[in-house]
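Welcome! Please take a moment to turn the model around on your screen, and then read the briefing that follows it.

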Amino acid sequence: MGQGDQDPFDRSHAPVVGEVEQILPGLRVVTAPNAGPMTFTGTQSYIVGEGRVAVLDPGPLDKAHIDALQSAVRRETVKAVLVSHSHRDHSSGAREFARLVGAPVMAHGDPRGARSPLMTRLADDGLLEGGEGIDEGFWPDEVLRDGDRISGPDWELEALYSPGHLSDHLAFVWGRSIFSGDVAMGWATTLISPPDGDLARFRTSIERLIAHAPERLYPGHGGTVEDPERLLTHLLDHRAAREKQILASLSDGPGGISDIVARVYADVPPDLHAAAGRNVFAHLIDLVERGLVGTKTALSSNGTFALR
C-alpha cells in the first residue's frame, strides 16, 4: 500500500515458483506457490550456506513447495530451520520440512505472550479483533531471543527481535545484510493489524534495522532490497504521513474506521480496504494512547473516533 509514484518499492519481482535461484554465493531462495494480494509473488524460503545450511521460512504447508525445498538441499545437511514469525505463510510448513531433513525448528514462537502490555490489556478486555493468519499450533523446538546466534561452517545469523507486524517477529542479521521477514518488504508497506500488530513497536523495529545500516535486505516477500536506508526511511515517513491524513480526516468531524478508510485510502482497490482498516485501527490505537484522539466508548474497531 505505497503512497503515490515516488515510493521506493520494486514490484518487478518475477521468480519461477518452485525453482532454486542462486542470489549470490552462499545464498539461495525458493519461492512458494502462494502468491496473492498480501503475499505478492509468494513466500521467500532462503537457504543460507553450502554443505551445512540453514533454511529460513519454509513457508506454507504445501507439498510441492516442501518437495522443492527438500530437493534443493538433498545433498546437504540442514542444521536449522528458522522461522521469522508464526504467520501460516511462513511457519506452517516448518514442522514437516524439519521432519524430512532432520533439523530443529528455531523461532521466537510466542505470538500471544509477546504482545506489548497495552495490546495484552486490550485483547484481554475483548476489544480487538485481529489474529489474521496466525499459525495457532506452531511452536519451535528451540526458542530464539534477541541476540541469539546460529552458525555453520561458512555463515552466522543473529536473531534480531523486530515486533510490529507480529509480536513474535524476528529478523536475522547475516553479515552486512538482514533477512527482514515481513517487518520490511521491498514491494509494499507492512500490514499492522492489532492486537498482534503494533504500530509503536513497528517504528522501534524499523529504527533498529536502520541502526544496523544493512547493505541489503532479503524480505519474506519480494526481491532483494538494494537500498535499505531509502526503503526503511520511507516506511517511517509513510506512517507519519498516514497519521497526518487520519488526523486531517478527523478534523472534518468524528468518524469510524470505514469513514477514515474511504477518505484516506481512496486510491487503494476496494478488496484491500479491510486490510487498510486494520492499519488505520493500529494508528488510532497509537493516537489514543498518545492523547491525540479519543473515543466516547470503549476502544474497539467499531468505535467512533474524534480529535481531542
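How much space lies in the second largest pocket? The answer is about 150 Å³, computed on a predicted model.

- Among the residues that line the second largest pocket are Pro-8, Asp-10, His-13, Trp-187 and Arg-230.
- Sorted by class, this lining has four nonpolar, four polar and four charged residues.

**The largest pocket**
- Here the space comes to about 750 Å³.
- Its lining is made of 33 residues, and Pro-37, Met-38, Thr-39, Leu-191 and Ala-275 lie nearest the centre.
- Two or more lining residues come from each of α2 (88–91) and α8 (273–289), and α8 gives the largest share, three residues.
- By class, you will find twelve nonpolar, 13 polar and eight charged residues in this lining.

**The sheet**
- Seven strands form an open sheet with mixed pairing, in the order β1-β2-β3-β4-β5-β6-β7.
- At the edges are β1 (20–24) and β7 (142–143), each of which pairs on one side only.
- Strand β6 (residues 105–107) pairs with β7 in the parallel sense over two bridges, and Ala-107 has Val-143 in β7 as its bridge partner.

**Helices on the sheet**
- Helix α1 (residues 63–72) packs on the sheet and touches β1, β2 (27–31), β3 (44–48) and β4 (52–56). The direction of α1 makes about 160° with that of β2.
- Helix α3 (residues 94–101) also packs on the sheet, touching β4, β5 (77–82) and β6. The direction of α3 makes about 165° with that of β5.

Key. Residues are numbered from 1 along each chain as its sequence is written. This is a predicted model: local features need pLDDT of at least 70, side-chain atom pairs count only at pLDDT 80 or more; totals for chains, interfaces and linings use all residues. Side-chain values use heavy atoms; hydrogens and water are left out. On a 1 Å grid over the protein atoms alone, a cavity is a set of points where a 1.4 Å probe fits but cannot get out, and a pocket is an open set with protein on both sides within 12 Å along at least five of seven lines; lining residues have an atom within 4 Å of a point. Grid points are joined across faces, edges and corners, and a volume is the space filled by probe spheres set on the points. Helices (H or I, at least four residues) and strands (E, at least two) are DSSP runs, numbered from the N terminus. Ala, Val, Leu, Ile, Met, Phe, Trp, Tyr, Cys and Pro count as nonpolar, Asp, Glu, Lys and Arg as charged, and the others, Gly among them, as polar. Two strands pair if DSSP finds at least two bridges between them. Contact means heavy atoms within 4.5 Å. Axes are lines fitted to C-alpha atoms, for helices over the stretch in contact, and angles run from 0 to 180 degrees between N-to-C directions.
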